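These are my notebook entries on one protein chain. I set down what I looked up, entry by entry.

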Amino acid sequence: MDNKPLTSTIFQRDYTNVLRGMAIILIMAVHAWEPFSSFPWCGNLVSSLGVAVFLFLSGYGLSESYRQKGLDGFIRRKFGRIVFPYWIWLVFTIPFREFNAAELAGNIFFLPSGNNYLYFIVYLIHCYAAFWLAHRFFPRHDTAVLALFSVVSLFFPPLSATKSLSFLAGCLASKHSSRIEDMHKAGTLKRYVMAATVAATVLYALKALPAIQEYKGTLPFNLLVSADLLLFTPAFIAIPLLMPALRRGKIMATAGMMSLELYMIHSAFVYCIASVTDVIIFYTASVIIATVFHRYNSSWLKSRGGESVRLMSILLYAAVCYVMALKYTMRLTPHFAYIAVGYLALLYPMIQLAARACPPRQQHRLTPLLLAALCAGLAAAQYHFDPYTIKVDRWSAIHNVIAALLDGEFPYLAQTHLGGYASPFPVWMVAHIPFFFLGNVGLSIIAATAVFTVTLQRCHGTRAAIQATLMLLFSLNLWYEASVRSDLITNFMLLAAFVIYIHRKGISLATHPWSLAVICGLWLSTRLTCALPLFIVLFPSWLRLTWGKRIMIPAVALLTFMLTFLPLLLWDADALLFSEYPPFLLQTRQGHPGDVVLIVILCTLLALWHRHDTRRLMFGQAVALTAISAGTMVHNMAIYNNWDMIFQSDYDITYLDMALPFLIAATVITQEKPTGKKLFPQ
């Protein structure tokens with residue numbers, strides 16, 4: 001063994017990183033080998049020992065941290081390092097398995113379960129919770145509380161129960177580290193390690209006896225296995241001392257730093273392994289995705305304030321794009337979830353690269369070129385498809401309505417090319433008339449892309465415009481919307497541009513009460529959902545008004561909205577209000593009264609939360625738009641118990657695209673002052 005004191009070797013962070021790296025590589029190797037007939041009889045022991053070592057090192061590390069810092073920041077650090085990544089990956093891997101709502105809820109709330117492939121993470125969270133409770137409320141009896149937790153753990157599902165002693169042992173090793181060091185100096189520690197290894201081997205042989213195997217899953221058996229793994233742990237910890245090359249190399253240390261992400265991600269891929277080729281493909285993907293995920297998690301841990309909001313915006317942006325990738329890759333291959341996860345993993349580095357995409361002197365030249373290329377690509381995508389062959393009728397819901405209007409027919413009686421009824425409100429209908437005469441109402445998405453990007457450039461600088469253009473380029477959702485000539489994201493790119501402009505210019509209900517009230521009424525006459533972002537941006541200034549203005553401004557907005565329908569009301573009131581599919585019904589039929597109450601509460605909290613910070617404002621609006629679309633779908637799936645229909649025509653997941661412009665803005669906006677230069681210089 002090494003002659004250095006134990007505290008400067010085994011108990012150092014660099015050394016424990018090597019141990020974690022060894023453990024995760026062994027676990028991954030066992031899981032890769034497990035599907036094959038040549039799987040060794042001791043394979044499960046190696047995998048279980050790796051998990052036990054993780055728990056031992058976690059107990060030791062927590063105890064050392066507690067001695068230095070106490071419990072200050074404990075919950076925030078552990079939430080950021082363990083809970084938050086676990087939740088992210090758990091939700092993103094829902095498509096990897098047959099969906100079960102009760103099982104998912106149990107996993108999200110860390111209930112012990114034998115069905116969670118991330119059981120180790122759940123049990124580790126239980127250990128952290130027990131550690132915090134013991135040291136927060138019973139500091140004088142913390143060891144007794146942790147011992148009690150270990151006893152309770154023996155009644156957990158077998159995968160967790162068989163590691164019940166390891167975390168406690170790590171905590172005790174920290175408390176008695178000086179005695180262990182004295183034993184090392186005296187040369188007696190090696191004998192204890194050897195004795196423990198011999199005892200562990202005997203227990204392992206005993207456990208393999210058929211008479212003992214009959215008790216598998218019982219309390220005595222769980223205790224036997226847990227003791228066996230604990231006795232093997234010292235030998236595992238001593239390996240890098242006997243093999244110094246493991247400590248000098250970077251592979252084990254790097255794997256140790258990413259061990260959490262490697263464990264989570266490779267666990268989702270092991271179910272696809274059926275050949276050596278699968279091992280190479282899926283494990284390579286695991287390492288790449290784990291590297292990206294680790295970098296995101298590291299950034300999240302270090303983030304504060306606006307940077308945290310930016311990272312949350314990137315996460316939600318990636319989630320919206322991921323859902324779209326799932327929907328269309330599932331039509332091509334049974335491995336759709338893995339391809340979509342690969343796309344998901346690429347988004348974060350591409351966004352980070354976009355932030356550093358161009359030297360400052362070249363930004364003004366690059367921006368118009370990027371925007372022109374994006375708009376040309378969107379136009380090419382549109383004209384590549386015959387709109388009448390597309391099974392999405394958003395374009396004809398506007399085109400046919402305008403055609404009927406110009407032919408003197410009542411517009412809301414017109415049907416789409418798929419036989420449905422349309423619901424474009426008057427202002428939105430009028431806004432598309434120029435594009436109708438150009439022969440393609442879908443061109444509005446290209447115009448909205450330009451308006452959104454130019455507004456960002458004028459209000460928040462050229463770098464923000466470049467990054468936003470690239471994020472639009474990376475998003476499958478925008479390409480889908482353009483290809484089917486949808487107007488949904490068009491509506492919200494324009495609304496996002498409007499919010500960015502008035503917020504940057506300091507325009508509020510305190511400075512322009514009546515003009516904003518009229519404009520809000522006009523926005524409502526494009527889509528009712530526009531009310532959510534408008535409420536969030538204007539509610540704080542509305543609170544500072546007199547009671548008279550508080551009543552009159554919403555009244556003016558509502559009156560403006562109603563006046564836009566007045567010509568249609570005078571034309572044919574029965575068709576507008578009492579037909580089988582009136583426009584108001586079509587825009588509200590999927591919601592539930594309870595959902596509306598929850599959304600109003602959420603929007604009120606988000607309006608008070610942003611405190612005029614632009615990044616918070618845009619992120620809050622995105623959260624509200626995501627909540628109203630996702631919440632409605634989840635509510636309907638719960639009512640009809642058709643969770644597996646999420647990607648079918650019953651649910652239109654493209655409503656999530658409403659949040660994309662706001663998420664992009666929240667990601668790219670910084671404290672950079674506008675340059676004042678034109679987007680297209682002379």
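**Entry 1: Asparagine 17**

I began with asparagine 17, whose place is in helix α1 (residues 13-33). I took helices (H or I, at least four residues) and strands (E, at least two) as DSSP runs, numbered from the N terminus. The model is predicted, so I noted that local features need pLDDT of at least 70, that side-chain atom pairs count only at pLDDT 80 or more, and that totals for chains, interfaces and linings use all residues. Residues are numbered from 1 along each chain as its sequence is written, and side-chain values use heavy atoms, with hydrogens and water left out.

Is asparagine 17 buried or exposed? I found 13% relative accessibility for asparagine 17, so it counts as buried. Buried means under 20% relative accessible area, exposed over 50%, and partly exposed in between (1.4 Å probe, protein chains only). I then looked up its contacts, where contact means heavy atoms within 4.5 Å. Leaving aside neighbours within four places in sequence, asparagine 17 touches Met252, Ala253, Gly256 and Met257.

I located histidine 294 in helix α16 (residues 276-302). Its relative accessibility is 17%, so histidine 294 counts as buried. With neighbours within four places in sequence set aside, the contacts of histidine 294 are Arg81, Met257, Met258 and Glu261.

Leucine 172 has its place in helix α8 (residues 166-175). I read 30% relative accessibility for leucine 172, which therefore counts as partly exposed. From leucine 172 to leucine 230 I noted 58 residues in sequence and 13 Å in space, C-alpha to C-alpha.

**Entry 2: Aromatic rings**

I next looked up ring pairs. Rings of Phe, Tyr and Trp (its six-membered ring) pair if their centres lie within 6.5 Å; planes under 30 degrees apart count as stacked, over 60 as edge-to-face and the rest as tilted. By this rule I recorded 32 aromatic pairs. In one of them, phenylalanine 410 and tyrosine 412 have ring centres 6.1 Å apart and planes at 70°, so the pair is edge-to-face. Phenylalanine 410, at 7% relative accessibility, counts as buried, and tyrosine 412, at 1%, counts as buried too.

**Entry 3: Charges over rings**

A charge sits over a ring if NZ of Lys or CZ of Arg is within 6 Å of the ring centre and within 35 degrees of the ring normal. I found the charged end of arginine 136 over the ring of phenylalanine 137, 5.2 Å from its centre. The charged end of arginine 394 sits over the ring of tyrosine 655, and here I noted 5.1 Å to the ring centre.

**Entry 4: The whole protein**

The protein has 34 helices and zero strands. Its C-alpha atoms fill a box of roughly 95 × 50 × 50 Å, taken along the principal axes. Of the 682 residues in the protein, 53% are buried. Among contacts with a separation of 6 or more, I found that 77% join residues 24 or more positions apart.
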